[in-house]
Amino acid sequence: MDNIILMIAIAAPPVILAITLHEAAHGYVARIFGDPTAHEAGRITLNPIKHVDPVGTLLIPGGIVVMGALTGAALPVFGWAKPVPVNFGRLRHPKRDMLWVAAAGPGSNFVQAIGWAIAGGLFASSQAETAPYWTLMSQVGVQANLVLMLLNLLPVPPLDGGRIAVSLLPMRQAIALSRMEPYGFFILIALLFTGVLEKIMNFLIPPLRSFLHMLTGA
């Protein structure tokens with residue numbers, strides 16, 4: 001039990017930060033491009049309570065951490081927050097600006113992954129008694145942000161990658177792709193249970209970690 005509590009205490013800060021910053025970034029960039037909806041709703045904030053989804057932010061990541069602690073398996077920690085409200089019709093150039101609003105979330109996760117990689121290098125060289133715990137937290141931070149970034153970049157609406165694809169595609173193809181949005185969650189679940197999602201993550205995360213190592217030296 002103590003081990004599970006310790007793992008939750010280590011994993012919770014970087015996972016919650018990854019999710020909340022992801023959502024706040026969407027709202028912030030939407031405001032820059034003309035849509036103040038998230039700002040009006042008080043969602044451009046680092047206060048995690050404003051972004052917490054009981055299932056996606058607490059139950060799912062917490063369950064993954066507990067299962068990992070009980071089984072010893074290296075399970076990817078991921079989750080989601082309440083989506084920040086964005087009214088694409090209020091953007092100055094809806095189709096074009098959609099790309100930047102959608103990319104802001106995964107972009108924030110990549111920046112956080114870099115930050116955690118640097119922090120992990122500093123903690124690993126520290127002689128402090130608590131350094132191993134901070135190092136582990138940094139490793140969770142890198143992994144959680146890379147998983148969240150890649151998951152959201154899948155070209156499936158309403159994920160960010162789907163929004164980006166809709167923005168980039170010609171109008172006819174963009175409309176066709178956007179019509180998949182009601183089925184996006186079911187597509188994601190199918191990818192998860194068929195193992196396709198795991199293969200995508202296992203293929204992409206190692207080179208990304210190597211890139212972070214090259215970039216930060218950590």
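pLDDT is the predictor's confidence in each residue, on a scale from 0 to 100.

**View 1. Confidence along the predicted protein chain.** The mean pLDDT of the protein chain is 87, and 95% of its residues reach 70 or more. Confidence is lowest in helix α3 (residues 54–71), at a mean of 74, and highest in helix α6 (residues 160–168), at 95; helices here are DSSP runs (H or I) of at least four residues, numbered from the N terminus. In this predicted model, local features need pLDDT of at least 70 and side-chain atom pairs count only at pLDDT 80 or more, while totals for chains, interfaces and linings use all residues. Residues are numbered from 1 along each chain as its sequence is written, and side-chain values use heavy atoms, with hydrogens and water left out.

**View 2. The surroundings of His51.** His51 lies in the loop between α2 (37–40) and α3, and it counts as buried (under 20% relative accessible area, with a 1.4 Å probe and protein chains only) because its relative accessibility is 0%. The side chain of His51 reaches the backbone oxygen of Thr45 at 2.7 Å. Leaving aside residues up to four places away in sequence, His51 touches several residues, among them Thr20, Glu23, Arg43 and Lys82, where contact means heavy atoms within 4.5 Å.

**View 3. Met201 and the largest nonpolar core.** A nonpolar core is a set of buried Ala, Val, Leu, Ile, Met, Phe, Trp, Tyr and Cys residues joined through side-chain atoms within 4.5 Å. The largest has 21 residues, and those with the most contacts inside it are Leu146, Leu154, Leu197 and Met201. Helix α5 (131–152) gives the most to this core, with seven residues.

Notes: Helices (H or I, at least four residues) and strands (E, at least two) are DSSP runs, numbered from the N terminus. Buried means under 20% relative accessible area, exposed over 50%, partly exposed in between (1.4 Å probe, protein chains only). A polar contact is a pair of N or O atoms within 3.5 Å; within protein, one must be able to donate a hydrogen and the other to accept it, and residues adjacent in sequence count only if both atoms are side-chain atoms.
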